[in-house]
Amino acid sequence: MRQGDASLPYPSSNGIFENLDIDPDSVSFHPLQQTINGAAITDMISHHSTNQTKDSPERIRDYVYHASSPPREFDGIETNNDNYGFGQDQDGISSAGNGYFNVSLDVDDDDGELVKDRDDDENSIKRRNKPSSSVFSNMIPLNIRLQLAEIIPERFSSPDKSTISAITVVASFVFILFSSSLISKTISRLAGLGPEGNIAIASQKLFFASNSRKVSPQGRFLAPPIGTQLPGGNTLKQFADVDELPLQLLDTAIFWHVPRSAGTSTKGVFAKCLQKVVATEVGGLDEHRLDERIDTLKKPNGIFVNVDTYTIDGVNHAKSLGLAQSKMAEIVFTPFVHESAVLFDEHHRGRLFTILRDPIDRVVSLYYFLRIYDSRVQSQSLEEFVMTTGENWMTRTLSQQMTGPIDETHLNYAKEVLRRKFLIGLLDDKTESFRRFEQYFGWNIPSPFAHNCKNNILYFDWHVKNPHPPLEENDPVWHRVFNMNTWDIHLYEYAVQLFEEQ
């Protein structure tokens with residue numbers, strides 16, 4: 001330690017803030033560096049203190065820390081900052097040759113003239129009353145600034161590790177996010193996935209597969225026996241299996257409309273709300289029933305293809321016009337399954353989906369609905385209607401046995417058709433059913449208006465459609481309906497199982 005160091009009013013860096021009234025972390029300054037041979041800045045401070053504080057401490061005006069700058073002139077005298085203003089100490093050692101701050105003692109002369117720092121080079125001149133560029137104000141006592149001077153090199157001689165760590169984490173996160181997004185898009189394009197062009201959004205091929213024989217939560221007895229064949233030979237080969245993913249651009253969705261099972265509401269959702277071009281019975285009304293060229297018709301409730309898919313003759317006429325091959329219809333609605341297969345070929349396949357309802361509730365709803373329009377039904381009781389209405393309609397339709405007796409073999413045929421060909425929806429869970437339809441076929445709700453439209457049809461307007469009292473299970477009519485529709489009830493139970501598994 002040089003002579004005069006003992007007179008400095010600051011302790012070592014240990015416990016330096018114990019008696020201070022300031023928080024040094026709140027002070028902003030640039031880092032200081034040591035000299036090239038290790039001499040600390042405190043040596044330079046001691047050097048100045050030795051020569052100035054012993055004789056005239058009252059003449060010390062301030063210790064000024066200010067940023068280094070290029071050579072500048074004061075009254076025509078150039079100040080050389082080769083050593084950033086620190087110059088040489090008494091031993092010829094640069095006090096802070098690579099520092100970022102000039103440190104000097106300005107001495108106030110009584111006559112108000114410019115004075116030189118007594119121990120500096122004579123060219124190092126400062127203007128009196130020049131505003132200080134110090135980061136400390138003059139109100140901070142000298143002893144506090146001297147104490148801070150000792151810890152500045154220790155705390156700021158190297159970058160803050162926490163700052164570097166934070167920057168590294170943020171940069172890594174951005175890189176991972178960008179990379180994962182790029183990889184995901186690349187895989188989607190290669191696999192043909194995405195909402196464009198009616199391509200299904202599915203990350204796994206078997207996501208919608210029906211594995212009821214292996215993972216049935218209700219028991220294996222609900223699934224058809226292994227090896228059960230599809231009815232009708234090769235009739236249904238024009239329909240893709242439900243687990244054949246991704247969907248192809250030439251595939252067309254076809255909705256099996258089971259009476260009184262939200263089929264009409266489903267048409268409204270897709271035609272009016274989601275603005276899909278559909279083929280239903282509407283396009284074949286009036287003079288368009290025998291059109292010789294396929295076209296679309298704009299109606300108040302949607303856009304329809306000019307064909308009728310709710311009659312056998314209408315289906316055959318649609319085939320002659322090349323309905324599936326034209327790709328005009330995004331969705332085909334029909335109560336027929338086997339008969340509508342003629343619309344498709346091996347390159348233009350159909351994709352079957354449906355909404356099913358409890359058979360007993362469906363029969364009761366059908367009775368109250370027909371009473372509004374059919375005078376014959378108006379004169380019948382519910383029991384009389386059940387006795388004169390066809391039974392097991394779903395099982396008969398899927399097994400191609402519309403007349404004559406049916407048995408468990410026909411039930412297994414119908415189950416196999418559902419298992420392999422259908423994406424199942426349930427009236428008891430409309431929300432999840434439509435979510436699956438939209439995901440499977442890649443359909444998006446185009447606007448908030450479409451979303452409100454969909455909710456109005458499926459929920460708010462639902463309870464005002466065909467209101468009727470429920471049929472209680474202890475009612476004798478309930479048991480009669482059950483006994484007449486046993487196979488449909490078993491088929492519906494299996495459909496519920498498929499809904500859970502898909």
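Buried, in these notes, means under 20% relative accessible area. I keep in mind that I'm looking at a predicted model.

**Entry: Arg 349 and its partner**

I looked up Arg 349 and got a relative accessible area of 16%, so this residue is buried. Its side chain meets that of Glu 244 in a salt bridge, at 2.7 Å from N to O. Arg 349 sits in the loop between strands E9 (331-334) and E10 (350-356), while Glu 244 is in the loop between H4 and E5, so the pair ties together parts 105 residues apart in sequence. Glu 244 comes out as partly exposed, with 28%.

**Entry: other salt bridges**

How many salt bridges does the count come to? I got 15. One of them pairs Asp 241 with Lys 421, with the closest N and O atoms 2.7 Å apart. Asp 241 is in the loop between helix H4 (212-215) and strand E5 (252-256), and Lys 421 belongs to helix H12 (residues 408-421), so this bridge ties parts 180 residues apart in sequence. I noted Asp 241 as buried at 15% relative accessibility, and Lys 421 as buried at 4%.

I also looked at Arg 376, which forms a salt bridge with Asp 374; here the closest N and O atoms are 3.3 Å apart. Arg 376 is exposed, at 63%, whereas Asp 374 is buried, at 18%.

**Entry: the disulfide**

I searched the whole structure for disulfides and found one. It joins Cys 273 to Cys 453, with 1.9 Å from S to S. Cys 273 is in helix H5 (residues 263-273) and Cys 453 in helix H14 (residues 448-460), so I'm seeing a link between distant parts of the chain, 180 residues apart. Is the disulfide left-handed or right-handed? The torsion about the S-S bond is about -65°, so I wrote down left-handed. I checked burial too: Cys 273 has a relative accessible area of 0% and is buried, and Cys 453 is buried with 8%.

Lys 454 is also placed in helix H14. I found Lys 454 buried, at 9%. Its C-alpha atom is separated by 9.2 Å from that of Thr 266, 188 residues apart along the chain.

**Entry: a charged patch**

On the surface I found a patch of negative charge where Asp 361, Asp 428, Asp 429 and Glu 500 gather. Asp 428 is exposed, with a relative accessible area of 65%.

Terms used
Residues numbered from 1 in each chain as written. Predicted model: local features only at pLDDT ≥ 70, side-chain atom pairs only at ≥ 80, totals over all residues. Heavy atoms only, no water. Disulfide = S-S within 2.5 Å. Helix = DSSP H or I, 4+ residues; strand = E, 2+ residues; numbered from the N terminus. Buried < 20%, exposed > 50% of the residue type's maximum accessible area, 1.4 Å probe, protein only. Patch = residues over 30% accessible without salt bridge, like charges linked within 9 Å, V, L, I, M, F, W, Y side chains within 5 Å. Areas by Shrake-Rupley, 256 points an atom, 1.4 Å probe, with all protein chains shown as cover. Salt bridge = Lys/Arg side-chain N within 4 Å of Asp/Glu carboxyl O. Lys, Arg positive; Asp, Glu negative; His and termini not counted. Charge placed at Lys NZ, Arg CZ, Asp CG, Glu CD.
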